[in-house]
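Here's a quick briefing for anyone meeting this structure for the first time. Have a look at the sequence and the model, then read on.

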Amino acid sequence: MVIKKLNITFTKKDIQYLLVIALSALIYAFGMESFVKSGNLFPGGFAGISRLISLSAARYIGIDIPFGVIYWLLNFTVVLFIWGRIGHKFVLYSILWFSLSSLFTIIINVPIVTNDMLLIAVFGGLLNGLAIGLALRSNASSGGTDFIAIDLSARLKRPTWNYMLGVNAIVLVIAGLLFGWDKALYSIIFQYVSTQVVNTMHQRYKVTRLQVTTDHADEVCEAVFKTCRHGITRFPVEGAYKHQPHTMLQITINNYQLNEVIEIIRKTDSHAFISLTAVERVIGNYYQKPLD
């Protein structure tokens with residue numbers, strides 16, 4: 001294994017990212033201790049595997065290994081293999097996230113909010129998805145299967161978080177055999193809610209097509225090119241009512257760039273008419289900005 005030289009540039013925005021990462025890790029730890037632990041649920045990815053190992057070690061060999069310790073070791077092992085394949089800053093922020101999450105699950109002591117299993121599954125999943133979603137929006141992740149999902153999303157140019165539900169099925173089957181099928185079934189609800197929240201919050205691999213009708217096409221194109229690295233297709237069009245010529249610009253961009261691009265278009269041409277359409281998938285030469 002070769003550790004490559006760090007390729008990182010920090011900006012003022014990274015301070016905001018670091019604060020959100022710390023908050024996200026705290027929310028995650030609270031959800032794990034107050035909901036997952038009290039309901040004996042099994043989250044997706046390495047969190048579920050860590051709980052399986054921790055509970056199995058305590059039940060079958062009498063060794064109490066904290067969840068946080070196992071979770072950190074599993075995630076850090078993956079880091080050793082993916083280092084250099086994903087942006088260094090992203091990996092370091094992910095290390096910070098799962099390190100803080102692991103630490104918080106060990107040191108914090110939170111009350112049990114409810115004993116109702118359905119409420120535990122739903123609201124625990126909401127907190128779990130919120131925490132991971134905040135991390136992803138701050139250029140971090142929870143590591144483990146997140147790295148796999150991010151790599152697949154980059155390759156396929158579409159969200160792949162729902163695919164992780166299939167991967168987690170193996171963990172749930174083992175959990176059902178060892179600790180009861182009711183826990184495994186409630187864990188499915190937990191994982192589904194969490195995945196949907198993440199899928200909603202994480203916009204990086206969602207794509208939107210903008211159609212912009214403008215009388216200042218050159219200026220709008222120049223402004224967009226300064227904002228993002230995406231091509232623009234131009235069409236000469238005519239208004240049906242006044243029969244005046246206009247230009248229609250078609251732009252396909254990532255959703256996380258969407259507000260910035262719309263704002264710059266409006267500043268360049270306040271009378272521009274903009275329509276948005278969700279894009280299911282992009283095939284062909286499409287630029288996806290790599291993770292930092």
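**Salt bridges, cores and a surface patch**

The side chains of R234 and D218 join in a salt bridge, 2.8 Å from N to O (a side-chain nitrogen of Lys or Arg within 4 Å of a carboxyl oxygen of Asp or Glu). That pair ties together distant parts of the chain, with R234 in strand β2 (residues 232-238) and D218 in helix α9 (residues 217-227), 16 residues apart. Helices (H or I, at least four residues) and strands (E, at least two) are DSSP runs, numbered from the N terminus.

This is a predicted model, where local features need pLDDT of at least 70, side-chain atom pairs count only at pLDDT 80 or more, and totals for chains, interfaces and linings use all residues. Residues are numbered from 1 along each chain as its sequence is written, and side-chain values use heavy atoms, leaving out hydrogens and water.

**Salt bridges**
- The structure has 6 salt bridges.
- R234 counts as partly exposed because its relative accessible area is 43%, while D218 is exposed at 51% (buried is under 20% relative accessible area, exposed over 50%, partly exposed in between, with a 1.4 Å probe and protein chains only).
- Another salt bridge pairs D14 with K89, their closest N and O atoms sitting 3.2 Å apart.
- This one also links distant parts of the chain: D14 is in helix α1 and K89 in helix α4, 75 residues apart.
- Both D14 and K89 are buried.
- K183 and D182 form a salt bridge too, with 3.2 Å between the closest N and O atoms.

**Nonpolar cores**
- The largest nonpolar core has 37 residues, and Y28, Y71, V91, W97 and F147 touch the most other members (a core is a set of buried Ala, Val, Leu, Ile, Met, Phe, Trp, Tyr and Cys residues joined through side-chain atoms within 4.5 Å).
- α1 is the top contributor to this core, giving 9 residues.
- A second, separate core of 16 residues includes V212, V220, V224 and L249.

**Nonpolar surface patch**
- α7 (164-179) and α8 (181-201) each supply at least two patch residues, and α7 gives the most, with 5.
- I63 lies in the loop between α2 (45-60) and α3 (67-82).
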